[in-house]
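Please walk me through this protein model. I want the overall build, the confidence, and the local features worth a look.

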Amino acid sequence: FKGDDTCEYLLSSGRFLGDKVWQPHSCMMHKYKNSEAKNCLIDKHIAFIGDSRIRQLFYSFIKLINPQVKEEGNKHGNIPFEDKSASIKVDFLWYPEVNGSMRQRIKSWTEAATAKPHIIVAGAATWSIKIHNGSNEALTQYKINITSIAPLLEKLAKSSDVYWVLQDPVYEDMLSESRKMITNEKIDAYNEAAVRILNSSSRNSKAKVKVFSVSKLIAQETIMKSSDGLHLPESSRETNAMILMNVYCNKILKPIDGSCCQPQPPLTLIQKLAFCFFTLSFIGYLIINLIHRNNYRKNKPCTDLENGEEKKPAVSTPTVSTLEMLLHSFCKLGLIMTYFYLCDRANLFMKENKFYTHSSFFIPIIYILVLGVFYTENTKETKVLNREQTDEWKGWMQLVILIYHISGASTFLPVYMHIRVLVAAYLFQTGYGHFSYFWIKGDFGVYRVCQVLFRLNFLVVVLCIVMDRPYQFYYFVPLVTVWFMIIYVTLAIWPQIVQKKANGNCFWHFGLLLKLICLLTCIFFLSYSQGAFEKIFSFWPLSKCFELNGNVYEWWFRWKLDRYVVFHGMLFAFIYLALQKRQVLSEGKGDPLFSTRVSNVLLFISIACFLTYSVWASSCKNKSDCNELHPSVSVVQILAFILIRNIPGYVRSVYSSFFAWFGRISLELFICQYHIWLAADTKGILVLIPGYPMLNVMVSTFIFVCVAHEISQITNDLAQIVVPKDNPTLLKRLLCVAGFFSALLLFSAVQDQSRH
């Protein structure tokens, strides 16, 4: 930890990920779009002053504002640029040497009554080396001139952002005869002089001229691709321009994936209250623990000195009270939330951008596959989609999704399409599991609903408070929560049709199918009526849950992307349970699911469908077109997988305990990754151990998995306390929960008002 000035890192250090992606040391760089650049630089004046290398940087910078700009005009003269729509003015001023002329120009800005440039980018040296044939006298004069300019730049730095660009190395073998005197040795001498003089000038001043030295590092890797050995290739110039944009704009626009130069966000009112709550829980637990220990010491058996026997105390050691368990859980949760905050809100740990390579995705996939197969055990029961099998399914899918996120594989369309199927499979299991429970048990009580809602939402609600994020940010939890309520309402409304009732009369099966058809019709209508969907979820207080960036479009997009798959899961559960009841299926240990001939035919069709979908997904060219087809066709690969996994008797009779273990904490893994495995709200990677990528992943993964497992246990413990079985007590708890969320809405409104 070297302080939180990530601007210093951005301007001075970094490395290339692959060929073109620049990774600053310790922080993440945002890739600015034209609209973002205009929004940041509105009503701003930027001046580039220097030689042909500064001119190149000037062109790369204005192309971030307007990509249509062409590099034309007088190369050895001033070049103006103006974007009237955003009132942005960018000037290039031709001063190839650090001399009296440059000093006079800079001095005019310090003395002018009119507004000074908001950003000044200056630098020059190669012309001095060339004109004076690399003489030592020229270097001495350069030192004198820059010494006279330094106080003026320092004065400008009080009101403007001033950057001095160090000279990039050259590729000496490609230099023309007229430039052979420009050597890297000379350039280093000029750079050293500039850094020493600028640093000594601003040592005793608050205003500081920022030295733009990162360009040297970029040039060292790319100068051999130069066309003349002197000027940088276009990709390197674009990187330098993007760094300049990040230095100035990150603190203004605060992009999530641009952690460089962003100050630590101040604590909100709700965050402060959460901190007080966890502190009080910790103090309360300590007090209760001390009281219990004191009582234990008083009641401890004492030895009778006469006969050497222990005297038993009259009072036995007290059991752990509900209050103690509650406070203990909140203490652990408070420590974990502190770790969350330090990882992804405080500028304590480093963050880096993701960079996708095929090996970074597929090698870990192969590794976990081998581990999963190694830990194979027999299942307790051999029914289709038994508990061990669904846990295994959730586990390996979750591990694949985690690898997908940390490797940045979303940029590779075939992988993206297959991951979309895995997310759909989670929702398919939601439909299958909850339908099966309500259909078989017929339990539509409030206790069941509250238990499910608590287990799904507890961690996310805590994170919304501690990490200051909206509920919709953790999109998967709102998705499964809403679908659970849809399943519940569909089956609970009159007439309540359950298996026990339907067995007595086949008519009830048609009644249930009619309910499912009505549900499908509603889904179809909402998916093609964005306006109606947005009106439903824009009503207060629903809007507070489902809005992201001021609207519910993101929620509509997420819901629409997998709109049919929960219905498919419900329909599959209904058909499977009906076939099971009529003993059509053979679910004995080692037996194929159907007769040998039917099993072989279905297995062949399933494998063919599975591979066909993979071929189609791998041949996708346009993400939006493939997303349009995905809701209708994703069920093909899901059903194919279920049949391949369950038709052969031996395959159905075993499961991977390795994958099943992760499956039991899959929800916690999915949510926790946002802040303590990834960083910057999933846009980057958390770096606990810089310089050792593999060791960093191993350590951060170990902590991440342990935390997810601990949170799963805390959630289960609290669910037993917060959601009691007896209805009168449960009703009181629900009133308390309603009061809690009402207070949360009130504090949120106060918080929003203070921000605006």
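The report below goes from the whole chain to single residues.

## Overall build and confidence

This is a predicted model. Its mean pLDDT is 92. Of its residues, 95% reach 70 or more. Helix 26 (residues 657-663) has the highest mean pLDDT among the elements, at 98. Strand 10 (residues 310-311) has the lowest, at 48. Where pLDDT is low, the predicted coordinates should not be read in detail.

The protein has 756 residues, and 51% of them count as buried. Its secondary structure comes to 29 helices and 15 strands. Along the principal axes, the C-alpha trace spans about 100 × 85 × 50 Å.

## The annotated span

UniProt, in an unreviewed entry, places the feature "domain: NXPE C-terminal" at residues 22-92. Such annotations may be inferred rather than shown by experiment. In the model, this span is 31% helix and 27% strand.

Strand 1 (residues 14-17) and strand 2 (residues 21-24) run antiparallel. Four bridges join them.

Strands of a sheet pair through backbone hydrogen bonds, either parallel or antiparallel. Here an open sheet of three strands has the order 11-15-14, and its pairing is antiparallel. Strand 11 (350-353) and strand 14 (678-679) are the edge strands. Each of these two pairs on one side only.

Strand 14 meets strand 15 (residues 684-687) over two bridges, in the antiparallel sense. Leu678 has Ile685 of strand 15 as its bridge partner.

## A buried helix

How many residues of helix 27 are buried? The count is 11 of the 11 residues in helix 27 (residues 666-676), so this helix is largely enclosed by the rest of the structure. The cut-off for buried is under 20% relative accessible area.

Most residues other than glycine have a negative phi, and most peptide bonds are trans.

Two are cis peptide bonds. Trp494 and Pro495 are joined by one, with omega about -5 degrees. Pro495 lies in the loop between helix 16 (476-492) and helix 17 (499-504). The bond from Trp540 to Pro541 is also cis, with omega near 5 degrees. Pro541 is in the loop between helix 19 (530-537) and helix 20 (542-546).

Two are non-glycine residues with positive phi. Ser87 has phi near 55 degrees. It is found in the loop between strand 4 (79-83) and strand 5 (88-94). Leu385 has phi near 50 degrees. It lies in the loop between strand 12 (376-378) and helix 13 (387-407). Are these two residues buried or exposed? Ser87 counts as partly exposed, because its relative accessibility is 39%. Leu385 is buried, because its relative accessible area is 8%.

Rolling a probe the size of a water molecule over the atoms shows where empty space is left. The count here is four cavities of 30 Å³ or more. The largest cavity holds about 130 Å³ of space. It is lined by 13 residues. The closest to its centre are Arg53, Leu57, Val165, Asp168 and Ser215.

Which helix gives the largest share of that lining? Helix 3 does, with four residues. Helix 3 (52-65) and helix 9 (234-253) each supply at least two residues of the lining. By type, the lining of the largest cavity divides into six nonpolar, four polar and three charged residues.

How values were computed. Residues are numbered from 1 along each chain as its sequence is written. This is a predicted model: local features need pLDDT of at least 70, side-chain atom pairs count only at pLDDT 80 or more; totals for chains, interfaces and linings use all residues. Side-chain values use heavy atoms; hydrogens and water are left out. pLDDT is the predictor's confidence in each residue, from 0 to 100. Two strands pair if DSSP finds at least two bridges between them. Buried means under 20% relative accessible area, exposed over 50%, partly exposed in between (1.4 Å probe, protein chains only). On a 1 Å grid over the protein atoms alone, a cavity is a set of points where a 1.4 Å probe fits but cannot get out, and a pocket is an open set with protein on both sides within 12 Å along at least five of seven lines; lining residues have an atom within 4 Å of a point. Grid points are joined across faces, edges and corners, and a volume is the space filled by probe spheres set on the points. Ala, Val, Leu, Ile, Met, Phe, Trp, Tyr, Cys and Pro count as nonpolar, Asp, Glu, Lys and Arg as charged, and the others, Gly among them, as polar.
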